[in-house]
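Let's take a walk through this structure together. Keep the viewer open as you read.

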Amino acid sequence: MTDPYLATASAYDLYALPYRAEIERALEAAVPLFRPDRGPILEIGAGSGANAGWVLDRLPAAHVLALEPSAAMRSLALGRIAGRPDWHPRITVRPEGFFDRDLPAELGGAVALGVLGHFDVGERAAVLAELAARLPAGGGVVLDLQAPARPAPVEPYEFTAATVGEIAYRGIAEARPIGGEAMRWRMTYIALDGDRVLTEETTEHVYHHPAPETFDAEAERAGFEARPLDETSTFRLLERR
Ligand SMILES: C[S@@+](CC[C@H](N)C(=O)[O-])C[C@H]1O[C@@H](n2cnc3c(N)ncnc32)[C@H](O)[C@@H]1O
């Protein structure tokens, strides 16, 4: 089966760069919810390992359990980790998805960024229940809901651009609703040398877009208090009651 994140992984950290400061603001806001003494910080869909690395540097007592089913993304994470031998005893990168294995009985916190929409409504309820069963009271999760808040057509737009040396990298996204809370996204990644296209890769995936109030109610039912990072933010902090 083709790895759906192969195209993205070609330059993932570059494409993510414009969003990085806001992600780190959300991670910082979640620090008071992390209890590294109670268990590992679980990262669901660790991608290139940037968030896991952030946690390891920010919380010297933390261990991270990073789940990443994409081989291409995992290789980015392991490349990052290779350069930091001091992290090696404190992070485990597993090649499984969330439902592919049992989780530790206790977690010290959880990070689920850019991944929640991969789960449909039933899977989302199961994810919230599994986390709630393992987090201590006062412990929590940082996650995000991807815009649009409700399914709506998204015309093609450049969501990221960066230039490294002579090569310009561009990411273009478009999407259409396909029923219920689901949208089909089409992502195109282009590397350009001036006007010449050197590489162009397109990938499609289905993503779920629960309305923020729907998601917050689901989190409440699972035993969390949900709050947005700030009024209009797509980031959510979930605190275990
Ligand atoms: C958009 S990337 C986000 C990566 C990283 N969390 C970040 O913030 O940069 C989404 C990641 O979720 C992973 N993923 C998809 N389905 C998953 C599942 N069922 N369990 C765990 N990870 C999953 C993908 O392989 C991909 O690396």
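What follows starts with the overall layout, moves to the domain interface and ends at the ligand.

This is a predicted model, in which local features need pLDDT of at least 70, side-chain atom pairs count only at pLDDT 80 or more, and totals for chains, interfaces and linings use all residues. Residues are numbered from 1 along each chain as its sequence is written, and side-chain values use heavy atoms, with hydrogens and water left out.

The chain splits into domain 1 (6-147 + 211-240) and domain 2 (154-208), with bounds from an automatic or database domain assignment. Their C-alpha centres are 24 Å apart. To the contact (heavy atoms within 4.5 Å), domain 1 brings 19 residues and domain 2 brings 17 residues.

Now look at the interface. About 1,500 Å² is buried between domain 1 and domain 2, and carbon and sulfur atoms give 59% of that; buried area is the accessible area (1.4 Å probe) that two parts lose on being put together, summed over both. On the domain 1 side, Leu14, Tyr15 and Gln146 lose the most area to domain 2, together 38% of what that side buries. One salt bridge is found across the interface, meaning a side-chain nitrogen of Lys or Arg within 4 Å of a carboxyl oxygen of Asp or Glu.

Finally, turn to the ligand. There are 19 residues around the ligand, and Tyr12, Gly45, Glu68, Phe98 and Leu113 come nearest; a residue counts as near if one of its heavy atoms lies within 4 Å. A polar side-chain atom of Tyr12 sits 2.7 Å from a ligand oxygen atom, while a backbone N or O atom of Phe98 is 2.9 Å from a ligand nitrogen atom.

Key:
A polar contact is a pair of N or O atoms within 3.5 Å; within protein, one must be able to donate a hydrogen and the other to accept it, and residues adjacent in sequence count only if both atoms are side-chain atoms.
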